[in-house]
Amino acid sequence: MTGLLELKERLIRFFGKNEIYVVPVLKFILATVVFLLINQNIGYMTRLAGLPVTLVLALLCAVLPVNAILLFAFILIAAHLFALSMDVCVVGLILMLVIALLYLRFSPKDGYYAVLTPITFALHTPYIMPISAGLLRTPASAASIVSGTVMFYFLKGIKENEAVLSAVEEDSNAASKMVVAINQLLGNKEMYLVLATFIVILLVVYVVRRLSIDYAWTVASLAGILIGLTVLISGFVMLGIKGQIVWIIVGGVISTVIALIQQFLFFNLDYSRTERVQFEDDEYYYYVKAVPKIYVTTKEKKVKRIAAKDEEKERISRKALAEEMDIDEDLLK
């Protein structure tokens, strides 16, 4: 454990000294992953789906605020949808406008959650997002997670219905592409189930981690995982959705590990040294529970200048010899 704590302190110190370089690199990697996922799933405009365009956009995002990733992602999505169908592009633009208004109104500082949510869906670990938001942020972060979730299911539906959307005729006897695009989103019961589960997880984790109990973050994380597993498995069984239960369990295990890592990095306390203090002033009595953080200072290396000590001894010996022989010390060099 001491080794891990020392590693943690080194990482904190390294990030503090090199934040100006580390943050752009992380944003570049994050933007690259987001744009590659978009191009891989709905890369209908081949000119924009190439790696050079992806890298150029990612470089721009590296020097801009994190919300620039969302902006470029929306532009890229709109371009690909336009290449597929004008009607689908209109639906996508309306949806992105609603998402932008929701995001900017409630959680404009939670851009990382909105960007990371679709990525965690692709990795089958989306449950870590509401748990992380409940541990580190506030219930308002639900807006970012909802935005990322809705956009993921919209693009997933477009990909699954690609053949239908490209084959529908725009006349009075056939359903329009716009109606098909809207129905595949609004009729997605799985999306509604996931959204409701994520909001419940976030609220439960947020409430529990603020309680004055030992190991509050651990209890909050486990409670969120158990609620997510129970609700999603039950809901998928009721909806008849097959092939997802295994991924739900695997994602729950991985999300638990990530949540424990977050606790170690941001809320690592030593409950064995808990102190309770009581004091008063003219108006109130105060009952304070103080739990110290686990903190280990990194060992500083001490370098011994052995050569310097030898030179000092030689100088002293030379000075003594010069005094004994009654000559100038410089003559003995």
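The model is a predicted one, in which local features need pLDDT of at least 70 and side-chain atom pairs count only at pLDDT 80 or more, while totals for chains, interfaces and linings use all residues. Residues are numbered from 1 along each chain as its sequence is written, and side-chain values use heavy atoms, with hydrogens and water left out.

**Stop one: helix 7 and helix 9**

Select residues 142–160, which form helix 7, together with residues 177–186, which form helix 9; helices here are DSSP runs (H or I, at least four residues), numbered from the N terminus. The two pack at an angle of about 130 degrees, and their axes are 9 Å apart, where an axis is a line fitted to C-alpha atoms over the stretch in contact and angles run from 0 to 180 degrees between N-to-C directions. Helix 7 and helix 9 are therefore oblique to each other, the term for angles that are not under 35 degrees (roughly parallel), over 145 (roughly antiparallel) or 65 to 115 (roughly perpendicular). The crossing of helix 7 past helix 9 is right-handed, meaning that the near helix is turned clockwise from the far one by less than a right angle.

Next, show the side chains of V150, Y153, F154, G157 and I158 in helix 7, which meet A181, Q184 and L185 in helix 9; contact means heavy atoms within 4.5 Å. By class, this contact has six nonpolar, two polar and no charged residues, with Ala, Val, Leu, Ile, Met, Phe, Trp, Tyr, Cys and Pro counted as nonpolar, Asp, Glu, Lys and Arg as charged, and the others, Gly among them, as polar.

**Stop two: the cavities**

On a 1 Å grid over the protein atoms alone, a cavity is a set of points where a 1.4 Å probe fits but cannot get out, and lining residues have an atom within 4 Å of a point. The whole structure holds two cavities of 30 Å³ or more, a volume being the space filled by probe spheres set on the points.

For the largest cavity, of about 40 Å³, select A142, I145, V146, T149, L195, F198, I199 and L202. Helix 7 and helix 10 (189–209) each supply at least two residues of this lining, which has seven nonpolar residues, one polar and no charged.

For the second largest cavity, of about 30 Å³, select Y127, I201, G224, I225, G228, L229, L232 and G252. Helix 11 (residues 216–239) provides the largest share of this lining, five residues.

**Stop three: the pockets**

A pocket is an open set of points with protein on both sides within 12 Å along at least five of seven lines. The largest pocket, with about 1,300 Å³ of space, can be found by selecting L26, Y112, L116, Q262 and F266, which lie nearest its centre among 31 lining residues. Helix 1 gives the most to this lining, with twelve residues, and the lining as a whole has 20 nonpolar, five polar and six charged residues.

The second largest pocket has a volume of about 630 Å³, and of its 29 lining residues I38, P118, M151, F152 and L155 are the closest to its centre. Here helix 7 gives the most, with eight residues, and the lining divides into 21 nonpolar, five polar and three charged residues.
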